Every structure is written in C-alpha cells, then in structure tokens.
Amino acid sequence: MAFSIKVSDISEVGQAAEQLLNACKGSRMYAVFGEMGAGKTTLIKEICRILGYSGHVTSPTFTIVNEYRTEKNEIIFHIDFYRIGDEKEAYDIGYEEYFYGTNWCFIEWPEKVADLVPEHFVRVNITLNSDFSRTISCDE
C-alpha cells in the first residue's frame, strides 16, 4: 500500500498520521526514515495519540526504547537507534522482543540495524522539501 502526503505546517501532522495509519491498517511495525530534524518523533507522537496514548512522548535517543501503554492497554514501543554503535548493541537491548512481538513498534534510525529489521514492516519516509514542508510517504 503506497501512501504520500505533503505536510506544510506542524498542525497538519496529526491528520497525516491518521491517514498513514488508515493506509497501512493491519501493520504494527513501522520503520521511520528521515534526516535529523525531519520530524520522526513528531510523527510518532501523533500516532501514539491516535492509538490512545495520552502521556508525554519523547525521543528515546538516550534510553533507546520508550514504552507507552494506551487506553486499550495496548503497548507501543518507540525505539531510536541513532546513538547505537553497531547491531550488537541492538542484541544487548533484546531487540527481538520489540521487533517480533504483537505490540506496536515505531523505529527511528532503522538504517542503523538494517540487517535486523523484520522482512515485513511499513517503511515510512519523511522528506524535507525546499519550501520547508515535509512529504510523508510509506510503502509496505
């Protein structure tokens, strides 16, 4: 399922997140690609809100994994591999639990663990455009 939407303002991210989830129904594993400052955490924050998490969502840059629990008692894993040095560190945090479970999983900087990401996932790309808007696209 291919999907693409242009986001001109931060106030539009929630709508884009909702459309993304609707376009990729049935998927719970999302690898989010984009350069530093593209809006990966902002998008994931909106997705968490839509899924029913009302707490504070922050980038897990230093903790690597944040776990959130929704109103429906579903678990969301928010993972940021920016600071890991190699894939061995992903083994050390027990990545299999996050990647191969039935919970929601959103991964920032998945290219750092490319050989470990499961075969079936939604690839989300956030591209910075010259007019400072973003294009959010995905494919399964």
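Leaving aside neighbours within four places in sequence, C105 touches R28, M29, Y30, F77, I79, Y98 and F99. The model is predicted: local features need pLDDT of at least 70, side-chain atom pairs count only at pLDDT 80 or more, and totals for chains, interfaces and linings use all residues. Residues are numbered from 1 along each chain as its sequence is written, and side-chain values use heavy atoms, with hydrogens and water left out.

I then placed C105 and found it in strand β5. Strands (E, at least two residues) and helices (H or I, at least four) are DSSP runs, numbered from the N terminus. C105 counts as buried because its relative accessibility is 1%. Buried means under 20% relative accessible area, exposed over 50%, partly exposed in between, with a 1.4 Å probe and protein chains only. I also checked C105 against I50: they are 55 residues apart in sequence and 14 Å apart in space, C-alpha to C-alpha.

Next I went to β2, residues 29-33. Five of its five residues are buried. M29, A31 and F33 point one way, Y30 and V32 the other. Strands pair if DSSP finds at least two bridges between them. β2 runs parallel to β5 (residues 104-108), joined by four bridges, and M29 has C105 as its bridge partner there. Four bridges also pair β2 with β6 (residues 122-128), again in the parallel sense. In β6, A31 is partnered by R123.

I traced the whole sheet. It is open, has seven strands with mixed pairing, and its order is β1-β7-β6-β2-β5-β4-β3. β1 (3-7) and β3 (65-69) are at the edges with a single partner strand each, so one side of each has no neighbour in the sheet. Neighbouring strands are turned by 15° against each other on average, direction ignored. Axes here are lines fitted to C-alpha atoms, for helices over the stretch in contact, and angles run from 0 to 180 degrees between N-to-C directions.

I checked β6 against β7: six bridges join them, antiparallel. I126 stands opposite I136 in β7.

α1 (residues 13-23) lies across β1, β2, β5, β6 and β7, at about 180° to β1. α2 packs on the sheet, touching β2, β3, β4 (75-80), β5, β6 and β7, and its direction makes about 170° with that of β5.

Methods: Contact means heavy atoms within 4.5 Å.
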